[in-house]
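User: I would like to go through this model and hear, for each label put on it, what the label rests on. Could you set each value against its definition as we go?

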Amino acid sequence: FDEKVLAGKRVLLTAGPTYEAIDTVRGITNISSGKMGYALARACRDAGAEVTLVSGPTALAAPLGVRLLPVQSAGEMYQAVLSEVGRSQVFISVAAVADYRVKNRSEHKIKKGDALPVIELEENPDILATVASLPAAPFCVGFAAESQNLLQFADSKRRKKKVPLLVANLAQQAMGSDDNEVTLLDDAGQHPLPAMAKAEVARAIVAHLARLL
Ligand code: C5P
């Protein structure tokens, strides 16, 4: 960035998947790589922000100059975000948070037996919706990864979660990939961006966000 468009701002991000344990060796997760969230953390850093990244389990190296808080489950991510959000002016929720966790988690490895094990689920808190509805909410940026009806689902998600800026991408195109093609949705409408490397997408999102701040 020629100008440090986020100078003096503290930015909190979530990235990666979450891992919801079934027993001591098994769990429920998703194919999020964390690449988009890590690229955004770097872009915010390069734009002059002080960056804290709450990350689910990924294979990625910690970005230099970014405070990394590793977590596993959605519950841990929720706790980490709530304890950090008060000092942040911007919250960017990139993580693919599990909607459900295992209710009947086993403290021991489940053994194969006669009966099929039953996994009971209970709902996780929505981290983004919680932060966006705080009385002193930071400027919130959400993501929507859909496999169909992308812009329609994304628009209703933006309204429902009450976030001023939402980044829509196709799950099959975005998750795990080094490139991404996104549309930014804000009060002014829809802004499609060309397909490009996630580092470039991240810089475009930061530039747009800085204009809205
Ligand atoms: O509703 P959906 O999960 O598709 O919404 C995606 C957006 O909401 C993302 O920004 C994601 O990080 C956030 N989210 C969250 N906590 C959840 C579920 C989603 O912060 N439990």
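Analyst: A residue is taken as near a molecule if its C-beta atom, placed from the backbone, lies within 6 Å of it. In this predicted model, 15 residues surround the ligand, and the closest are Ser93, Val97, Ile127, Leu128 and Gly142.

User: Which elements each supply at least two residues of the shell around the ligand, and which one gives the largest share?

Analyst: Helix 3 (127–132) and strand 9 (139–146) each supply at least two residues of that shell, and the largest share, three residues, comes from strand 9. By residue class, the shell divides into eight nonpolar, four polar and three charged residues.

User: Why is Gln89 called partly exposed?

Analyst: A residue is buried with 20 or more other C-beta atoms within 10 Å and exposed with 12 or fewer; Gln89 has 15 such neighbours, and therefore it counts as partly exposed. Gln89 is placed in the loop between helix 2 and strand 6, and, leaving aside its neighbours within four places in sequence, it is in contact with Lys9, Arg10, Pro138 and Phe139.

User: What makes Asn149 exposed, and what is said of its phi?

Analyst: The cut-off for an exposed residue is 12 or fewer other C-beta atoms within 10 Å, and Asn149 has 10, so it is exposed. Asn149 lies in the loop between strand 9 and helix 4 (150–161), and its phi is positive, about 45 degrees, although Asn149 is not a glycine.

User: How do you know on which side of helix 2 its buried residues lie?

Analyst: The buried residues of helix 2 (residues 74–84) are Ala74, Met77, Tyr78 and Val81. They cover an arc of only 100 degrees around the axis, which means that they are on the same side of helix 2. These buried residues pack against strand 1 (10–15), strand 2 (20–21), strand 4 (50–55), strand 7 (100–102) and helix 3.

User: What makes strand 5 and strand 13 the edges of the sheet?

Analyst: The sheet is open and has eight strands in the order 5-4-1-6-9-10-12-13, with mixed pairing. Strand 5 (67–70) and strand 13 (189–192) each have a single partner strand, so one side of each is left without a neighbour in the sheet. From one strand to the next, the twist averages 20 degrees.

User: Why is strand 1 said to pair with strand 4 and with strand 6?

Analyst: Two strands pair if at least two bridges are found between them; strand 1 and strand 4 have six, in the parallel sense, while four bridges join strand 1 to strand 6, again running parallel, so both pairs meet the requirement. Thr14 stands opposite Val54 in strand 4, and the bridge partner of Val11 in strand 6 is Val90. Strand 1 is also mostly covered, with five of its six residues buried.

Methods:
Residues are numbered from 1 along each chain as its sequence is written. This is a predicted model: local features need pLDDT of at least 70, side-chain atom pairs count only at pLDDT 80 or more; totals for chains, interfaces and linings use all residues. Ala, Val, Leu, Ile, Met, Phe, Trp, Tyr, Cys and Pro count as nonpolar, Asp, Glu, Lys and Arg as charged, and the others, Gly among them, as polar. The arc is that of the directions from the helix axis to the C-beta atoms. Two residues are in contact if their C-beta atoms, placed from the backbone, lie within 7 Å. Axes are lines fitted to C-alpha atoms, for helices over the stretch in contact, and angles run from 0 to 180 degrees between N-to-C directions.
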